[in-house]
Amino acid sequence: MVLGGDEPTGSLVRPYAVTRGRTRPQLEIALEALVETTARGRSGQFLGGREQKVIVDLCGGRLQSLAEIAARMEVPLGVARVLVADMAADGLLAVHEPTGFDADGADESVGTELLERVLSGLRRL
Amino acid sequence: MNSPADTSRVTSAKIVIAGGFGVGKTTLVGSVSEITPLTTEAIMTSASEGVDDNNLVPDKATTTVAMDFGRITIDQDLILYLFGTPGQTRFWFMWDELVRGAIGAIVLVDTRRLADCFSVIDFFEHRKLPYLVAVNCFDGKQLHEINDIRDALQISHDVPVMYTDARNRESTKQVLIKLVEYVLSMRRTRTVGVH
């Protein structure tokens, strides 16, 4: 069943094949978490498979979020999350967590400072 | 772990863009994004609720929900994402993840279909996610008074309601600025209230 569109989803029939059926990542990674290839990842010696090579190349230049990785690889978000979590556990990628702004967030002052930076960044656009 | 020191404080933030189908969410995202809006799909299986212990994907019908998103580099070490997604409550599983940690949300409305955004406004209020209402003016026509819209949506007087043209970069920029200013003002009020 496809909601919200009429496009066929043939490419999504067995999306978890590349994760060998695993749907649970080793690490919870937010949609907007930024991913960066580490020196170990760049060395290319420790890569296991085509997907890992693609991700290392994608995140070797500018930082990419988990959502961008999923979109550019044309895999569902959950699949990208499993792949990235595995690679982070192997030291091939570094994951930079987003700053959360929930009302019950950890450190209110950090959030406020960041909001002010976002605001001045938007004004400069 | 192996990241260079100069990127050790790298972080990101997000703003949610909600609204009914065809209201202009992707257009709004695209008007300010530095990348052509991308689409990512989340999949859920119809069996995922309650039957979750098995690590293999069950061979059941799947539902996909698409999100369009864009990116704004605020600074080298701070990137803002804008995530647009349909405001239907049947996509709850997606909404939870989407709003977690978000700065706030923009509810984009078409005055001809105001009811499309009722459930999403309920959801944001329930989750205490700050939001504003941006009325997309098709063809530059302002069909309704802001106060009429506010009444129809039954939202609190302090929630900002403004007109926008989702195609226009400057107009979208003003909406984003208004949202962040609103979130900051709420924080200041809260701090004053505590002390």
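Predicted model: local features only at pLDDT ≥ 70, side-chain atom pairs only at ≥ 80, totals over all residues.

Student: Let's start with the backbone. What is the phi of A:Glu74?

Tutor: The phi of A:Glu74 is near 55°, a positive value in a residue other than glycine. A:Glu74 lies in the loop that connects helix H3 (66–73) with helix H4 (77–89) of chain A.

Student: Is A:Glu74 buried, partly exposed or exposed, and why?

Tutor: The idea is to count neighbours: a residue is buried at 20 or more other C-beta atoms within 10 Å, and exposed at 12 or fewer. A:Glu74 is partly exposed because it has 14 other C-beta atoms within 10 Å.

Student: Where is B:Gln154 found?

Tutor: In chain B, B:Gln154 sits in the loop between helix H4 (146–153) and strand E7 (161–164). Its phi is positive too, about 50°, although B:Gln154 is not a glycine. B:Gln154 counts as exposed, because it has 8 C-beta neighbours inside 10 Å.

Student: Now the sheet. What is the order of its strands in chain A?

Tutor: The order is E2-E1-E3, in an open sheet of three strands with antiparallel pairing. Strand E2 (64–65) and strand E3 (93–96) of chain A are at the edges; each has a single partner strand, so one side of each lacks a neighbour in the sheet.

Student: How many bridges join strand E1 and E3 of chain A?

Tutor: Four bridges, in the antiparallel sense, pair strand E1 (residues 34–37) with E3 in chain A. To find your place there, look at A:Thr37, which stands opposite A:Leu93 in E3(A).

Key. Residues numbered from 1 in each chain as written. Chains lettered and ligands numbered in written order. Helix = DSSP H or I, 4+ residues; strand = E, 2+ residues; numbered from the N terminus. Pairing = 2+ DSSP bridges.
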